[in-house]
Amino acid sequence: MSRIEIPSFCVDARELQPVLSPLVEELKAFEITSQSVRPDDRGDAASKKPKVSPAVVGGRLLLRIADEGSTREIVLPDVSVHRITGLVVSTENTLVAAVQQAVNGDDFELYIFDISGESAKTLTQSSSSGRVVTQLGSNIAWLERNTARHPVRLVMCDEQGHRSTLIEMTEPDRWLSLQAVDPELLVVAGHGPDGTEHFVIDIRSRETVKRFHCRLDPDDCITACDGSVWTIDSTRRLLLRWAMDGTQWTDASTPLPPGFLPTDLNSRGGVLWAAGRVDGRAAVWIPQLGSDSVWTAPPSGIIRLIEVRDGCPEFIVSSPIHPPELAKGSDGGAWRRPLAGLPGVSALEVRDIPGRPAAVGATLFFQQIRARELHSCPVLALVYGAYGLPNEGAFDPQLAALLTSGVTVAFCHVRGGGEYGPSWHKAGKGEKKQNSLDDFVAILEHLRSQGLCEPTRIGASASSAGALVAASAAVEHPDLIAAVYLNHPFLAPEVLSHCPGGVSAPIDWDEFGDSTIIGHPVLSALMKAEEAVHRSGRPKVWITAGVSDRKAPLSSVIEWAEAYSDIAGDMDVILDLKDGGHTAPRDQTRSWLPIAWVRQQLTAPVPTEGAPR
């Protein structure tokens with residue numbers, strides 16, 4: 001039987017130092033300034049409200065408050081600069097809310113301070129808050145979780161520190177989400193097995209809570225902007241404006257742009273904008289600028305609207321090979337100047353995989369000098385395919401460092417994700433979850449058969465729910481993959497049936513299927529490992545897991561590691577344990593270890609025939 005190795009950080013650092021050192025050095029070339037990219041402050045000069053800006057001095061978080069020519073500094077007590085995730089200031093700049101991750105990494109702590117005096121006065125705190133906190137006029141509002149960690153209450157704190165509950169879901173299978181915040185309106189959604197209902201709160205009165213009477217389809221979007229409620233009717237492909245009581249304003253319907261799949265509606269500075277997808281890429285549509293005003297992100301990248309000034313939109317744009325930049329749009333969805341990617345790095349979108357829907361494919365990133373020799377380059381394939389979330393992201397220095405070492409990075413687009421809208425998600429969830437795995441395997445086989453990678457140097461990497469796909473592929477197709485990196489892997493959906501009030505229920509039942517139903521198919525990496533046969537030559541595996549992870553329980557991770565070790569012959573499983581939970585902040589130095597390990601596995605000399613891999 002192979003061993004499960006729980007390595008010491010120091011031991012691993014020494015063993016991997018020859019690979020780790022150059023990677024960390026390469027990071028210096030890709031570091032991004034910690035100063036946020038944002039437009040200049042263009043607030044009303046005539047405003048008498050104090051201006052508030054955060055700062056870190058001597059390891060402490062403080063606020064600098066400029067008021068009528070003088071500036072004072074206020075320290076926020078009990079707030080850790082290492083764990084803070086957000087600051088929200090009320091419209092009158094008299095209250096501030098600080099949200100920080102709890103020590104376990106999965107929960108959040110909320111502190112609300114009165115900053116109208118010379119020092120910060122704690123008005124209230126909550127250890128059951130989520131990360132969703134917003135201003136509600138001169139007040140602060142947030143979603144509070146129940147014991148099962150589902151957001152079920154919308155709570156408000158006023159300037160005197162009085163708490164009040166505005167909305168509460170009392171049924172165990174219902175939860176809340178914040179949909180939109182406008183200077184005049186707040187929109188909250190209540191979700192459950194029987195559908196979604198929406199509530200509209202008039203911020204000016206602070207007392208009016210109305211049900212939005214128009215019943216929306218699950219794929220429709222809703223927001224508030226300029227004192228009105230707006231929705232996208234996905235079926236009729238129309239943008240609609242409504243009065244607060246849900247009575248349609250028939251004179252304000254706008255057709256959606258051709259090919260644009262909406263995923264969300266938002267407002268920014270009184271400008272309505274829609275997030276969506278165009279041909280598999282993230283996109284933004286600004287209705288007031290016309291039906292052709294759609295801007296798309298680079299391949300597997302992200303795009304966010306910052307503001308519209310004099311008819312010119314400004315965005316933050318990034319991708320795995322594009323450091324974040326402030327980009328200005330021009331007419332017809334074009335850019336005023338080309339987006340600046342990493343020099344010498346190219347992207348290639350691969351689709352039309354035999355036997356798969358046409359949209360299944362991958363985005364490959366590689367060095368341009370290697371464009372004609374991809375057949376001899378190792379590839380690291382990243383996969384997710386769950387919750388309707390697209391497999392894409394912002395610039396990642398670790399992936400950039402892999403690229404400079406000659407490793408191709410492939411973002412795989414499988415059903416179950418969100419690359420092509422809600423229908424793409426539905427085709428890979430529940431009893432159709434197997435489609436995600438089949439798509440991933442087909443992509444890897446296509447890359448190998450088309451000479452887009454070195455056939456024996458394919459690595460797979462996945463986090464959280466994406467590990468279901470990567471780990472299952474490693475078990476069922478051991479000749480296809482050389483090494484697997486799993487980060488906080490969720491491997492056993494069948495455990496959901498044993499914790500109906502737990503972290504994952506009820507949302508995850510819909511995503512992965514209910515194993516309590518006889519004959520209901522559930523994709524389980526754990527069951528696949530337990531049922532597989534023993535053989536040598538299986539992929540090597542590195543797992544990073546959280547000791548107190550409640551989303552991906554450590555017990556299930558260890559069960560899978562033991563089962564895989566039993567069937568893997570001479571392959572070891574490295575189980576790298578760290579404190580905290582599913583979303584705990586990562587140690588920047590330690591997080592490079594699995595990347596160094598992946599590089600080592602994919603660039604090591606190819607073993608001779610018959611030798612252990």
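This is a predicted model: local features need pLDDT of at least 70, side-chain atom pairs count only at pLDDT 80 or more; totals for chains, interfaces and linings use all residues.
Two of the pairings may be picked out on the screen. D264 stands opposite A275 of β21, and S267 has L272 of β21 as its bridge partner. The hairpin that these strands form has two residues between them, and there G269 takes a positive phi near 60°.

As a reminder, strands of a sheet pair through backbone hydrogen bonds, in either a parallel or an antiparallel manner. Here, four strands make up an open sheet with antiparallel pairing, and their order is β20-β21-β22-β23. Which strands stand at the edges? They are β20 and β23, the latter spanning 294-296; each has a single partner strand, and therefore one side of each is left without a neighbour in the sheet. From one strand to the next, the twist averages 25°.

Let me place this sheet in the context of the chain. The chain has 10 helices and 34 strands. Of its 613 residues, 54% are buried. If we take contacts between residues at least 6 apart in sequence, 54% of them join residues at least 24 apart.

I turn now to a pair of helices. Two packed helices are described by the angle between their axes and by the distance between those axes. For helix α3, residues 397-404, and helix α10, residues 592-603, the angle is about 20° and the axes are 11 Å apart. Because angles under 35 degrees count as roughly parallel, α3 is described as roughly parallel to α10. Their crossing is right-handed. On the α3 side, the contact is made by P397, Q398, A401 and L402, and on the α10 side by W592, I595 and R599.

D352 has phi near 55°, a positive value in a residue other than glycine. D352 lies in the loop between β27, at 345-350, and β28, at 361-367. S464 likewise is not a glycine, yet has a positive phi of about 55°. Its loop is the one between β31, at 458-463, and α6, at 467-476.

Is each of these two residues buried or exposed? D352 has a relative accessible area of 58%, and because the cut-off for exposed is over 50%, D352 is classed as exposed. S464 has a relative accessible area of 13%, and because buried means under 20%, S464 is classed as buried.

Finally, the cysteines. How many disulfides does the count give? The count comes to zero. C453, for instance, is in no disulfide: the nearest cysteine sulfur, belonging to C377, is 9.4 Å away. A disulfide would require the two sulfur atoms to be within 2.5 Å. C453 is buried, with a relative accessible area of 1%. C312 is also buried, at a relative accessible area of 9%.

Thank you for your attention.

Note on methods:
Residues are numbered from 1 along each chain as its sequence is written. Side-chain values use heavy atoms; hydrogens and water are left out. Two strands pair if DSSP finds at least two bridges between them. Buried means under 20% relative accessible area, exposed over 50%, partly exposed in between (1.4 Å probe, protein chains only). Axes are lines fitted to C-alpha atoms, for helices over the stretch in contact, and angles run from 0 to 180 degrees between N-to-C directions. Angles under 35 degrees count as roughly parallel, over 145 as roughly antiparallel, 65 to 115 as roughly perpendicular and the rest as oblique. A crossing is left-handed if the near helix is turned anticlockwise from the far one by less than a right angle, and right-handed if clockwise. Contact means heavy atoms within 4.5 Å.
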